[in-house]
Amino acid sequence: ATGDMKRPTQLNFTAVAHYTGNDMMVADGYNAEAILHVGTPFMSGIEDWKDNREQTGESFQYRMGDNHDGMWFFGKNGEKYDPKSSNNALLVMNHEYTNETINPAGTFSTPNPDTTAPAIFKNIRKATDVRRECYAHGVSVVEMKRRANGVGYEMVKDSKFNKRYTSASEVKLSGPAAGSDLLKTKYDPTGTKTRGINNQCGAGLSPWGTYLTTEENFLNVFARGADKAIISAKEDTSRVRYGLPENGLGGGYLWHTPSKVDEKFTDEFARWNSAATGGNALEDYRNAFNTFGYIVEIDPFNQSAMAVKRTALGRFAHENCAYAPVVEGKPVVMYMGDDARGEYIYKFVSDAKWSNADIGGGLKAGDKYLDKGTLYVAVFKDDGTGEWKALTHGQGALTNANAKYAFADQADVLIHARLAGDALGATKMDRPEWVSVSPVTGEVYVTLTNNSNRTPTKHGMNAANPRNYAGDKGNRNGHIIRWAEKGNDHTATSFNWDIYLFAAPNDLTAENLSGLNANNDLSSPDGLYFDPRGVLWIQTDDGAYTSKTNCMLLAALPGKVNDGKEVTTSAGIKTRVGMQANDQNIKRFFVGPKGCEVTGITLTPDFKTLFINIQHPGEDQPGVTWGAISGGTTPRSATVMITKKDGGVILGESLK
Ligand code: FEO
Ligand code: CA
Ligand code: CA
Ligand code: CA
């Protein structure tokens, strides 16, 4: 059962070599098998995926979405959550974004025949293609059962638990910002509901057994017309800070454009244009943008409930979230990162004290622990200490008297968390991706994937982000930072930190400060997961090293903060690093197909099946057909099940 498995004393497998082919490579002694590809129907009566990609958008309510990302395996017993069950489960996963893979070729955008249309309607799309993308975003819940031969799992088609949450689903807004004027739209004048979840990136599990899915690049699907003369200066500042200036097109998805060419689609598609059109906020979608960028809670065992956006955890480009080990009678603590260049690391400390009786408590437990508490942002100091600053309205700079950004109330602080972080002097990080907490040491690890704005003149240099992107190639490869809360108390407001490892190709001597070799060199760490034994799994999403190897999954057995030595980076910055050249406790376990990102990870309670996701195989790499249907050519994202050939525990001692 979970929890009583000891951490292996060594990584007893042979490292997988660099690989640039179209298959996947896993360590000797293991099997890897792809399942649940994009478009796989989970209900009868839905046609199979077609390689010409002409299936209807609405059908994605009953099939796997695109670009699989974070996921979690929820053990199931009867109809209830059972964290110890491995035979039967609900596998819940994110579908982060869409690209041409799910659309018929050549349908991305066309010039608007109306050449007098406003700037944001210069190029337009068809409703049917936008709808397909809208329904292929979000989350899938699928029931899985162990195969009859005992190896791996198969989907239970037509299970009543199989369900999609998409960018068209109605979602509840909860917590301190719910009901705020800043969240009121034509869709919901009460500011307590919105339509859609978007760009779900990493995954989190709550201590009570719900799925926490994160809205990251929600900017992608929004546009904003000309409205500077109508909205407040504060809201304009915020739109710009979150990447959506006036006449901005976000990520260029153009989901708002069918509204321009066909009036009958006005509300379905106009809501992606987050511009004020005159009148007041209840007559347009100026606030729709404010209703995205949250941690979203889903109870996979309660198919009739709406997903809930938890505003107390702040609004930003959430990557994932991880809870600190819970202690009866102590607050629940969640760690989170904002993945954009120079953004911040946060933690949330609930007001409610943990009770083991809440396991299986669903969204009611979520209401108890995630709607009231204190959100903090991290300051990393060059001396190896750090501080948590509270995002609490009325304290310090977070008042109406702040001359730069006046904060009216707690909803204002949470919805504009980035502005609040600025006001508190938080440390700009090199793109915080996944966070995970070690069950062995209680220390918190965050991947900092890379940052092209890390230069002395843009974000400035500091000991926590010590490599200059312009000055050397090291910073292109990212690093992993970690900290120990004061007194090992996760509610503390100070901590000690160091850098666990610097990612680098092994031939980059100046920046290979962790002494990585051909068995473990990596670039752009992203997915990160401590399994319950304390094995650290690291996944990569790399654009800097793919000429030498495709993206990968590594296993590591890290030490503790301050067990390393002082180093000086080629940018001349002194810092401390744990992972050393003589430390062999990290090895490459798996390499994915060309052009993919390896992301999402969950281990079954019996430790015998490791699920990971292969996202966007063949991206920008013509000729890759990994994941295509038999006879087809379109590569598809999919879930991969890794099992040990001898039927044993993943990384178990039996291989010795
Ligand atoms: Fe969706 Fe920051 O990765
Ligand atoms: Ca990621
Ligand atoms: Ca990434
Ligand atoms: Ca990705």
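**Entry 1: ground rules**

I call a residue buried if 20 or more other C-beta atoms lie within 10 Å of its own, exposed if 12 or fewer, and partly exposed in between, with C-beta atoms placed from the backbone. By that rule asparagine 67 counts as buried, because 27 C-beta neighbours sit inside 10 Å.

This is a predicted model, in which local features need pLDDT of at least 70 and side-chain atom pairs count only at pLDDT 80 or more, while totals for chains, interfaces and linings use all residues. Residues are numbered from 1 along each chain as its sequence is written, and chains are lettered from A and ligands numbered from 1 in the order in which they are written.

I went back to asparagine 67 for its backbone: phi is near 50°, a positive value in a residue other than glycine. Asparagine 67 lies in the loop between strand 2 and strand 3. Helices and strands here are DSSP runs numbered from the N terminus (helices H or I, at least four residues; strands E, at least two).

Leucine 36 is in the loop between strand 2 (30–35) and strand 3 (68–77). Leucine 36 has a positive phi too, about 55°, although it is not a glycine.

**Entry 2: overall numbers**

I find seven helices and 34 strands in the protein. For 656 residues, a compact globule would have a radius of gyration near 26 Å, and the protein's 23 Å agrees. That radius is taken over C-alpha atoms, and the globule rule is 2.2 Å times the number of residues to the power 0.38. Along the principal axes, the C-alpha atoms fill a box of roughly 70 × 60 × 50 Å.

Of the 656 residues, 56% count as buried. I then looked at contacts (C-beta atoms, placed from the backbone, within 7 Å). Among those with a separation of 6 or more, 66% join residues 24 or more positions apart.

**Entry 3: domains and the core**

The domain assignment gives domain 1 (1–29 + 429–599) and domain 2 (99–136 + 167–196 + 217–292). Such bounds come from an automatic or database domain assignment. Taken over C-alpha atoms, the centres of domain 1 and domain 2 are 37 Å apart.

Which of its 174 residues touch the most other members? They are Val92 and Phe590. Strand 25 (residues 494–502) gives the most to this core, with six residues. Both domain 1 and domain 2 give residues to this core, so it lies between them.

I listed the contacts of valine 92, leaving aside neighbours within four places in sequence: Met71, Trp72, Phe74, Val139, Val141, Tyr211, Ile298 and Pro300.

Pairing needs at least two DSSP bridges between two strands. Strand 13 (residues 200–205) and strand 14 pair antiparallel over four bridges, and alanine 203 has threonine 213 as its bridge partner. The two strands form a hairpin with five residues between them, and glycine 209 in the turn has a positive phi of about 100°. Strand 14 is also joined to strand 15 (residues 295–298) by four bridges, again antiparallel; here threonine 214 is partnered by isoleucine 295.

I traced an open sheet of five strands with order 1-31-28-27-26 and antiparallel pairing. Strand 1 (25–26) and strand 26 (525–530) are at the edges with a single partner strand each, so one side of each has no neighbour in the sheet. Strand 1 pairs with strand 31 (residues 586–591) over two bridges, and methionine 25 stands opposite valine 591.

**Entry 4: helix 1**

Is helix 1 (residues 127–136) mostly covered or mostly open? It is mostly covered, with eight of its ten residues buried. The cover over those buried residues includes strand 5 (88–95), helix 3 (258–261) and helix 4 (266–270). Glycine 138 follows helix 1, with a positive phi near 110°.

Notes:
Core = buried A, V, L, I, M, F, W, Y, C linked by C-beta atoms within 7 Å. Contact = placed C-beta atoms within 7 Å.
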